[in-house]
Amino acid sequence: MSHDKEQKDTHNIPFDEGEKEDFSFLQETIKKESKKKTIFMQSLKIGIFGFLFGICFCLGFFALKPWASKQFQEEPEQVSIPEDEKPKTKELSPCDLQVVAPLELNADNFNQMMESIYNIAKQASRSIVSVESVYEKEEKQSVKATGLIVADQSQELLILCGNLVCPDATSWKVTFSDNRTYIASLKKQDKISGLAVFSIPRHNIQKETWDYLEVASLGNSNFVTKGEFVMALGNLYDNSEGVGYGVISSNEQYEVRTDRRYDVIATDISATASGTGVIFNLGGDVIGMIDPRIVKDTDATFAKAIAISDLKSTIEFLVNGESVPCVGITGATVDSKVADQEDMPPGVYVTQVQPDSPAMSAGIQSGDIIYEIAGVPVTELQSYERVVYSCKKDQVITAKGKRLGADGYVNISFTITIGSNE
């Protein structure tokens, strides 16, 4: 029994202080080594997961970038095209005349001059594109026309082109001067001017094309003169890269269409009957859009263009996706001289009313003379056009006019709901 007690007391004997300290030191040392290893492994895991997350984030970003661009893109910028001033006639005094020494022309400086003109044309060609219609039925032949880069908005690049390519097409191919082709959609068209604007999403265009293209500079066609040297670029000869040089042969012609009057720039540059293109001056500015639908008064086929200054208001509507306002009359100016000779009131003489137009619905007839519209007096076709352009589609306005009756002209008024011709 004393032996058992001795053994029991032996179990209760505490460790020597030195032994306890040695053991505690050993235990503490093992703990620290284990903690460092754990921190290292955790850091390694965090680093690996962070690296993998970064790769996944980058891949996801580039994969979702096109979608995000469409969903969260900014509102398109409003395009504003200021009207050009009209030329003012000025009588020259003897002081205005200067004597210029004649320039001696030889083969060398002629070649230099032509090379300089070619460089201007080459720079201008950066704003020229070819627009081709695409149809669902493959057997239908596509139509090509010359297009012009007129605006670069925050969301899209906008192309101006004749609407010859529009009927029945489902989409359009636009080929730039770097020979790259992109799919475009119709933004807006106006059948009266015969113009349409197509859009290409900005994010779809490659950097190489952006570096090469250039937005066209729209010049002032009010100051063009006969004999002025000009260039024609585009699909002039059934070739989208055609270039022609010549002079303005006439700037006195004009084209009357519904609600509008366009000045016509005639040149001595040859073109096919269906040729389309753009007229540039030597400053590289656009002064006219070649339109094969302009009435031809001769058998010879020369490029004729609608003056760009007369198209700017229409272009501004189209590039902003807005309808071009329309009333629906074809008219002629009755100025004070004609009014006195024919015993007629001055204003706009209605020669024709378009079927199913706002003018027909309002009761306007051929032979009526409009002298006020939307509260603004109109004395000529151009002032009438400016007032119509200041309105919006579906806006209700009042027009005042005169109609010839048994006892002479009597006053008449019309309530017109502005329409469009798309």
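**Figure 1. Strand E7 and its two partners.** Three bridges join strand E7 to strand E10, and the two run antiparallel. Strands are DSSP runs of E with at least two residues, helices are DSSP runs of H or I with at least four residues, and both are numbered from the N terminus. Two strands count as paired if DSSP finds at least two bridges between them. The structure is a predicted model, in which local features need pLDDT of at least 70 and side-chain atom pairs count only at pLDDT 80 or more, while totals for chains, interfaces and linings use all residues. Residues are numbered from 1 along each chain as its sequence is written, and side-chain values use heavy atoms, with hydrogens and water left out. Leu 233 has Val 278 in E10 as its bridge partner. E7 is also joined to E8, by six bridges and again antiparallel, and here Val 230 is paired with Gly 246 of E8. Because five of its six residues are buried, E7 is largely enclosed by the rest of the structure. Buried stands for under 20% relative accessible area, exposed for over 50%, and partly exposed for values in between, with a 1.4 Å probe and protein chains only.

**Figure 2. The barrel that contains E7.** Six strands form a closed barrel in the order E7-E8-E9-E12-E11-E10, with antiparallel pairing. On average, neighbouring strands of this sheet are turned by 40 degrees against each other, direction ignored. Helix H3 (residues 107-124) packs on the sheet and touches E7 (229-234), E8 and E10 (277-280), its direction making about 40 degrees with that of E7. Axes are lines fitted to C-alpha atoms, for helices over the stretch in contact, and angles run from 0 to 180 degrees between N-to-C directions. Contact means heavy atoms within 4.5 Å.

Figure 3. A closed barrel of six strands runs E1-E2-E3-E6-E5-E4, with antiparallel pairing. Its neighbouring strands are turned by 40 degrees against each other on average, direction ignored. Five bridges link E2 and E3 in the antiparallel sense, and Asp 152 stands opposite Leu 157 in E3. Helix H5 (residues 312-319) lies across E2, E3, E5 (181-190) and E6 (195-201), running at about 115 degrees to E5.

**Figure 4. The largest cavity.** Three cavities of 30 Å³ or more are counted. A cavity is a set of points, on a 1 Å grid over the protein atoms alone, where a 1.4 Å probe fits but cannot get out; lining residues have an atom within 4 Å of a point. The largest cavity holds about 160 Å³ of space, a volume being the space filled by probe spheres set on the points, which are joined across faces, edges and corners. Its lining has 17 residues, of which Gly 162, Leu 195, Met 289, Ile 290 and Asp 291 lie nearest the centre. E2 (144-152), E3 (156-162) and E11 (286-290) each supply at least two lining residues.

**Figure 5. Two aspartates with positive phi.** Asp 259 lies in the loop between E8 (242-257) and E9 (260-270), and its phi is near 65 degrees. Asp 259 is buried, with a relative accessible area of 2%. Asp 394, in the loop between helix H8 (381-389) and strand E17 (396-405), has phi near 75 degrees. Asp 394 is exposed, with a relative accessible area of 55%.

Methods: 1 Å grid on protein atoms, 1.4 Å probe; cavity = no way out; pocket = protein on both sides within 12 Å on 5 of 7 lines; lining within 4 Å.
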